[in-house]
Amino acid sequence: CTSLISQMKDKEAYQRLNFLYQAAHCVLSQNSENVELARFYCFTQKTIARRLVLRQDPSVKRTLCKKCCSLLIPGVTATTRQRRKKRKTRFTVVRCLSCGQTKPLLNNPNYCLWVDQPEAQLEQHKPGLFCKHAVLIQAVLCIEMSRFAV
């Protein structure tokens, strides 16, 4: 009962975050001088995600500057350069044009994000003691909420 309510709230919050991200892109695509408005949208997006403790997709986080919350679009608000450390490791260095913050991103085709690995999925974990107590607490809360709903 309560998990369904929290899932609906999370869905609405993710829709709001998606709208703000798309609005920032749209503002910059119409006029590249609207950097401040796009930064405001991205800052609002980051604030909402932090306040509601929501995880954002890594592809979204890579396109936001951690220092000034600007949307990093190559050629408009950021520059990208290819760098090499030693011989094997290659990086794409994204530099924000607003604040100068750099973000190195590893260029490894074999690299897999932790989010994409099977261990990261909650459904595949075996329910432990904590999960059993959480299910019991949810059942009790549903019963209590149904009493007051009348």
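This is a short talk on the fold of one chain and on a handful of its residues.

Before I start, please keep in mind that this is a predicted model, in which local features need pLDDT of at least 70 and side-chain atom pairs count only at pLDDT 80 or more, whereas totals for chains, interfaces and linings use all residues. Residues are numbered from 1 along each chain as its sequence is written, and side-chain values use heavy atoms, with hydrogens and water left out.

Let me begin with the chain as a whole. Its secondary structure comes to 4 helices and 3 strands, where helices (H or I, at least four residues) and strands (E, at least two) are DSSP runs numbered from the N terminus. Along the sequence these elements follow the pattern α-α-α-β-β-β-α. The chain has 150 residues, and 23% of them count as buried; buried here means under 20% relative accessible area, exposed means over 50%, and partly exposed is in between, with a 1.4 Å probe and protein chains only. The accessible surface of the chain is about 11700 Å², and carbon and sulfur atoms account for 58% of that surface; these areas come from the Shrake-Rupley method with a 1.4 Å probe, and for residues only the protein chains shown count as cover. If we take the contacts (heavy atoms within 4.5 Å) between residues at least 6 apart in sequence, 43% of them join residues at least 24 apart.

Now to the sheet. The 3 strands form an open sheet in the order E1-E2-E3, with antiparallel pairing; two strands pair if DSSP finds at least two bridges between them. Strand E1 (78–85) and strand E3 (102–106) stand at the edges with a single partner strand each, so one side of each has no neighbour in the sheet. From one strand to the next the twist averages 25 degrees, where axes are lines fitted to C-alpha atoms, for helices over the stretch in contact, and angles run from 0 to 180 degrees between N-to-C directions. Strand E2, residues 89–96, runs antiparallel to E3 and is joined to E3 by 5 bridges.

Thr92 lies in strand E2 and counts as buried because its relative accessibility is 13%. The side chain of Thr92 makes a polar contact with the side chain of Asn107 at 2.9 Å; a polar contact is a pair of N or O atoms within 3.5 Å, and within protein one must be able to donate a hydrogen and the other to accept it, while residues adjacent in sequence count only if both atoms are side-chain atoms. Not counting residues up to four places away in sequence, Thr92 touches Thr80, Arg81, Gln82, Lys103, Pro104, Leu105 and Asn107.

Arg95 is also found in strand E2, and it stands opposite Thr102 in E3. Arg95 and Arg81 are 14 residues apart in sequence, and their C-alpha atoms are 8.4 Å apart in space.

Let me turn to helix H2 and what follows it. A search of the whole structure finds 1 salt bridge, meaning a side-chain nitrogen of Lys or Arg within 4 Å of a carboxyl oxygen of Asp or Glu. Which side chains form a salt bridge? Those of Arg39 and Glu36 meet at 2.9 Å, N to O, and both residues lie in helix H2, 3 residues apart, about one turn of the helix. Arg39 counts as buried because its relative accessibility is 18%, whereas Glu36, with a relative accessible area of 54%, is exposed.

In the loop between helix H2 (35–51) and helix H3 (58–61) we find Gln56, which counts as buried at 17% relative accessibility. Leaving aside neighbours within four places in sequence, Gln56 is in contact with Leu17, Gln45, Ala49, Lys61 and Leu64.

I will end with backbone angles. Val53, in the loop between H2 and H3, has a positive phi of about 55 degrees although it is not a glycine, and Val53 is exposed at a relative accessible area of 71%. Cys69, in the loop between H3 and E1, is not a glycine either and has a positive phi near 65 degrees, but Cys69 counts as buried, at 7% relative accessibility.
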